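Okay, everyone, thanks for coming. I'd like to walk you through one piece of a structure today, so let's bring it up on the screen.

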Amino acid sequence: MPAATTEAESIEPQSLKKLSIKSLKRALDLFSPVHGQFPPPDAEAKKIRLSHKMKVAFGGVEPVSQPPRQPDRGNEQTTSSALALTGPEGSKSTQKGVTENALVVGPTFQPKGLNSIGTSGKSTTIIPANVSSYERNFSTSALMERIPSRWPRPEWHAPWKNYRVIQGHLGWVRSVAFDPSNEWFCTGSADRTIKIWDVATGVLKLTLTGHIEQVRGLAVSNRHTYMFSAGDDKQVKCWDLEQNKVIRSYHGHLSGVYCLALHPTLDVLLTGGRDSVCRVWDIRTKMQIFALTGHDNTVCSVFTRPTDPQVVTGSHDTTIKFWDLRYGKTMTTLTHHKKSVRAMTLHPKENAFASASADNTKKFSLPKGEFCHNMLSQQKTIINAMAVNEDGVMVTGGDNGSIWFWDWKSGHSFQQSETIVQPGSLESEAGIYAACYDQTGSRLVTCEADKTIKMWKEDENATPETHPVNFKPPKEIRRF
């Protein structure tokens, strides 16, 4: 015991700093290589790394072993390793005296007979086994069967250009509708007026006053000489275009009216508004036929069809509802969107429609409302307006002034442009509130927040060579 105490006393005291420097020096001596030189390669680590890479690249591949053949006269028995695709049965014949240790990629089929041909008619690709690991991993793409994309290729469409800017309104332009004769179109504005413009020249023909708030919805009848308007003042008006005055008003909405549509075959008018109700009016008697209730928030878009579902509404509650016009009941509710459905458009030829929301633009089939697909790009803004013509060119207009043109069939956006605000306006006033094609589908009118109306047409000088389609099919089809 006393000897232990003397040994403890003989240890010279050392400072904490000195001890830590000693420890650091020992660690460097043990683990650090000579500075400026790389440590020698560790063969065991390299072997483990290569085996892991092989397992990742060829984990699902099983070796096919065959019984060794007897060597022929004068030939030595050799062994080769190869990667091979399954091919015809006849392609399995190899050189004499060679035993194959092959890796077969893909499904293997049991031979039915000596002279039978395998079910796979593909050729056999041999990759020599003596290539490097990197080259072998790189060449696995050559072994995989190329499956062509089933996504339809977009048709070529000429890009659209702005050829006319019409000024005249004193407020945001909120709505637009074309005359069935295609001679004029009307616009409704936040300055509480409705203006009628000549399509060919863009000249103002008429200004109608009567609303006391902004005009949010317009429709022109193709059965009568009537035009219908709806606004934030809760009023829905019927204008006689022979006398240019209001002849009927439809009372019943409890708040602003945001959208309006005319039935194509019946004398029925549909309006939707902030009271979460789509109301069905008899045009002649001014009576409310139905109040289509079921939405939990503002009804901001509506369109009608001659066959069931005759009424389709979109709402700020993110749902789209199909309505049975005979009983005034909901037929189907679509809950695919995650944001407000502010715009919808019906294809003029196909039994399909598209709906736009801040999350995505989606296409649905009719009459069942089955989800077809999302558009292949996201505009990433609130979409207030959309329209489609018979050629399959769909246009969407956003709150930030972006106007995108889409190929209807494939969902490919072939043109993405920004509207230019008129001089004197703020950059923040580059917003598009309404869009509509004329009756021929060759002219497009957009209504904007800088108080202007812009007219667009296709570029006549564009060809598929000057403006090629830059299309990449999606890798996966999202089903929501």
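Which residue in S13 stands opposite Lys-237? It's Ser-249.

Quick housekeeping: this is a predicted model, where local features need pLDDT of at least 70, side-chain atom pairs count only at pLDDT 80 or more, and totals for chains, interfaces and linings use all residues. Residues are numbered from 1 along each chain as its sequence is written, and side-chain values use heavy atoms, leaving out hydrogens and water.

So, the sheet. It's open, with 4 strands in the order S10-S11-S12-S13, paired antiparallel. A strand here is a DSSP run of E, at least two residues, numbered from the N terminus, and two strands pair if DSSP finds at least two bridges between them. At the edges sit S10 (215-220) and S13 (245-250), each pairing on one side only.

Now look at S12, residues 236-240, which is joined to S13 by 5 bridges.

Why is S12 largely enclosed by the rest of the structure? Because 5 of its 5 residues are buried, meaning under 20% relative accessible area with a 1.4 Å probe, protein chains only. Val-236, Cys-238 and Asp-240 cover one face, and Lys-237 and Trp-239 are buried on the other.

Definitions and conventions: Buried means under 20% relative accessible area, exposed over 50%, partly exposed in between (1.4 Å probe, protein chains only).
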